[in-house]
Amino acid sequence: MGNVLVFIETTTTGETKSSAAALLGAAAGLGTPVAVAAVPAEAAESLGRTLATAGAEHIYLVTVPEASSELGTAAVGALAQASEEYAAIAALLPHTNDSKNIAGRLAIVRGGAVTADVVALRMEEDEVIAEHSVFGGDYTTESTVEEGLMVVTVRQGAIEARAAAVTNPSVRLEELRIKTAPGAKIISIEPVTEESERPSLLAARTVVSGGKGIGSRESFSLVEDLADVLGAAVGASRAAVDANYVPQALQVGQTGVTVSPQLYVALGISGAIQHRAGMQTAKTIVAINNDADAPIFDIADFGVVGDVFKVVPELIEAVKAQES
């Protein structure tokens, strides 16, 4: 089994982002996970412990100044160095805006290619095969890379597997040696703290989304109430966002974020193909809508034809009763 690089996205202070565990789990199913990160030197020790717990057998950390002046350049160099050092068969990155930029640049540096927005991975006859859900989830396609490094961006929430914790991983702390083409210049960094006790929409195992059928910004509290009793993130359809019920950051769909939670609950969402493109890979889909012909029921595992303002309060009470 070959070595599989996993790019670890970190905060500006060197803390691991939520995508690491799933990527390491995917890598463990293909070969030996090698975690790679570009971090400030003072954050290396604590990051190493976190990655070992998440299943990294090898940890390759490249030290960078606390505030690097170029977006993604250090990460590209770190991954390029690690791919040489470990003779990697593939590099896995989260399908985020930052990492998609890094993936393309890495493929150029290492003479490989990118296979993007992957929902599953497997080994077949010593070849890494990537699976994609395309055209709003209507089709499943597969891809691989025949020459050079296979660079994979993985849809967040799509991978359930987790790697076993490693007691004594090998840890290497290196300086950046490979120089790549310059990235965008970072003028300033201003961390924004999200003040919410709900889980992140991209990383949540349960998502409750509301659509135009919710009726108003005030009524959208019904979606939030159900999300809170389920410990879920809150999402929305484009129609709900366009109607100014919630901010655009909560939009799920082709022009919003793509999620793959264990449970997706759609309230008052008709199920246009643009919305389905962002949530159809959820493991279980529950839809509540008063229109029996709504397209959302075509993909729902469980459907309720009814008024959300009658059904959802009863559902909330039933969940509370079960917990008490």
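E85, R172, E174 and R177 are linked in a network of salt bridges. A salt bridge here is a side-chain nitrogen of Lys or Arg within 4 Å of a carboxyl oxygen of Asp or Glu. This is a predicted model, in which local features need pLDDT of at least 70 and side-chain atom pairs count only at pLDDT 80 or more, while totals for chains, interfaces and linings use all residues. Residues are numbered from 1 along each chain as its sequence is written, and side-chain values use heavy atoms, with hydrogens and water left out.

## Salt bridges

How many salt bridges does the structure hold? There are eleven.

| Salt bridge | Closest N and O atoms |
|---|---|
| D117 and R155 | 2.9 Å |
| E142 and R122 | 2.9 Å |
| R177 and E174 | 3.5 Å |

The bridge between D117 and R155 links distant parts of the chain. D117 is in strand β5 (residues 113-118), and R155 is in the loop between β9 (150-154) and β10 (170-175), 38 residues apart. Helices (H or I, at least four residues) and strands (E, at least two) are DSSP runs, numbered from the N terminus. R155 is buried, because its relative accessible area is 5%. Buried means under 20% relative accessible area, exposed means over 50%, and partly exposed lies in between (1.4 Å probe, protein chains only). The areas come from the Shrake-Rupley method with a 1.4 Å probe, and for residues only the protein chains shown count as cover.

E142 lies in strand β8 (residues 139-143) and R122 in strand β6, so their bridge ties together parts that are 20 residues apart in sequence. E142 has 49% relative accessibility and therefore counts as partly exposed. R122 is also partly exposed, with a relative accessible area of 30%.

## Aromatic pairs

A pair of aromatic rings is described by the distance of the centres and the angle of the planes. Rings of Phe, Tyr and Trp (its six-membered ring) pair if their centres lie within 6.5 Å; planes under 30 degrees apart count as stacked, over 60 as edge-to-face and the rest as tilted. A search of the whole structure finds two aromatic pairs.

Why is the pair of Y60 and Y86 edge-to-face? Their ring planes stand at 90°, with the centres 5.9 Å apart, so the pair falls into that class. Y60 is in strand β3 (residues 58-63) and Y86 is in the loop between α3 (73-85) and β4 (90-94), so this pair, 26 residues apart, links distant parts of the chain. Both Y60 and Y86 are buried.

F220 and Y245 form a tilted pair, at 6.5 Å centre to centre and with 50° between the planes. F220 lies in the loop between β11 (206-210) and α5 (221-230), and Y245 in the loop between α6 (238-242) and β13 (263-267), so the pair ties together parts that are 25 residues apart in sequence. F220 and Y245 are buried as well.

## Positive phi values

Most residues other than glycine have a negative phi, and most peptide bonds are trans. D117, the partner of R155 in a salt bridge, has a positive phi of about 55° although it is not a glycine. N244 has a positive phi too, near 70°, and is likewise a residue other than glycine. N244 is in the loop between α6 and β13. With a relative accessible area of 46%, N244 is partly exposed.

A130 lies in strand β7. Is A130 buried or exposed? A130 has a relative accessible area of 0% and is therefore buried. A130 and V118 are twelve residues apart in sequence, and their C-alpha atoms are 6.1 Å apart in space.

A56 lies in the loop between α2 (44-53) and β3. A56 counts as buried because its relative accessibility is 0%. A56 and L24 are 32 residues apart in sequence and 6.6 Å apart in space, C-alpha to C-alpha.

## A charged patch

Which residues form a negative surface patch? They are E125, D126, E127, E146 and E147. Patches are made of residues with over 30% relative accessible area and no salt bridge: like charges are joined within 9 Å, and nonpolar side chains (Val, Leu, Ile, Met, Phe, Trp, Tyr) within 5 Å. Lys and Arg count as positive and Asp and Glu as negative, while His and the chain ends are not counted. The place of a charge is taken as NZ of Lys, CZ of Arg, CG of Asp or CD of Glu. E125 is found in the loop between β6 (120-124) and β7 (127-134). E125 counts as exposed because its relative accessibility is 79%.
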